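Please look over the sequence and the structure below. A short report follows.

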Amino acid sequence: MKIREALKQQREQRHWSQQELADQLQISRQSISKWERGAALPSFANVVAISDLFHLSIDQLIRGDAELMTKLTVKKDEDIGPVGRIIYGGLFWGAIGFLITWALGIGYEDAEELVQLPLIIVFVSLLLAIYANQKQHRVPLSRVVIWLSIGLIALMVLPMISMDVSAAMAAIPGSVRAGWNAGQHGGW
């Protein structure tokens, strides 16, 4: 039996509406509707919550649903997970920010001043998003938390990259640096 059929059967046995089940699981009614129609599959955390609510083993819920079994199978090579996305995304956008500030001729000190206010805004927003996520008893990180974390890392990395590149440029002999700057402003 597929999880959507088991879910609907258990809900109807208790004479619950989709909204009542959604309230029990602390999720939206639309999620229940999507699961019962087969338009979406519940996350592992929601499968565990359904199992606990209906006193069914996880095996009973997912064993007959090949699609859900495939979704819940961890594929380490394909998905780096939310923490990996945060780190790689932050480094990527930090490097993009560096390239933009470098192209505009903004030095380390100016870049540092430029990102201070956005850094504070992103940090406070991240804390509020984490608080809201935990208040709703949701275990996985939301997309907002992931994107805010990426922004935070990017803003933190940008001045560091600028400082390292500025130091490296200062170490280049004057004649090479003059040629580089002339080529840079010459439009190549």
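Which helices do the buried residues of α9 pack against? They pack against α7 (81-103) and α8 (108-135). Packing here rests on contact, meaning heavy atoms within 4.5 Å. Buried means under 20% relative accessible area, exposed over 50%, and partly exposed in between (1.4 Å probe, protein chains only).

## The model

This is a predicted model: local features need pLDDT of at least 70, side-chain atom pairs count only at pLDDT 80 or more, and totals for chains, interfaces and linings use all residues. Residues are numbered from 1 along each chain as its sequence is written, and side-chain values use heavy atoms, with hydrogens and water left out.

The protein has 10 helices and zero strands. Helices (H or I, at least four residues) and strands (E, at least two) are DSSP runs, numbered from the N terminus. Of its 188 residues, 29% count as buried. Take the contacts between residues at least 6 apart in sequence: 63% of them join residues at least 24 apart.

## Helix α9

Helix α9 covers residues 143-171, which is 29 residues. At 1.5 Å a residue it should span 42 Å, and its end C-alpha atoms are 42 Å apart, so the two values agree. The expected span is 1.5 Å times one less than the number of residues.

α9 bends by about 25° at V157. That bend is the angle between axes fitted to the seven residues ending there and the seven starting there. A proline, P159, follows within four residues. Both V157 and P159 are among the buried residues of α9, which also include V145, L148 and L152.

## Two nonpolar cores

A nonpolar core is a set of buried Ala, Val, Leu, Ile, Met, Phe, Trp, Tyr and Cys residues joined through side-chain atoms within 4.5 Å. The largest one has 16 residues. Those with the most contacts inside it are L21, L25, I50, F54 and L61. Helices α1, α2 (18-25), α3 (29-37), α4 (44-54) and α5 (58-62) each supply at least two of its residues. The largest share, four residues, comes from α4.

A second, separate core has 10 residues, including V122, L126, V145 and L148.

## Q10 in helix α1

Is Q10 buried or exposed? Q10 is buried, with a relative accessible area of 11%. Q10 lies in helix α1 (residues 3-13). Not counting residues up to four places away in sequence, Q10 touches F54 and L56.

The Q10 side chain also makes a polar contact with the side chain of R14 (2.7 Å). A polar contact is a pair of N or O atoms within 3.5 Å; within protein, one must be able to donate a hydrogen and the other to accept it, and residues adjacent in sequence count only if both atoms are side-chain atoms.
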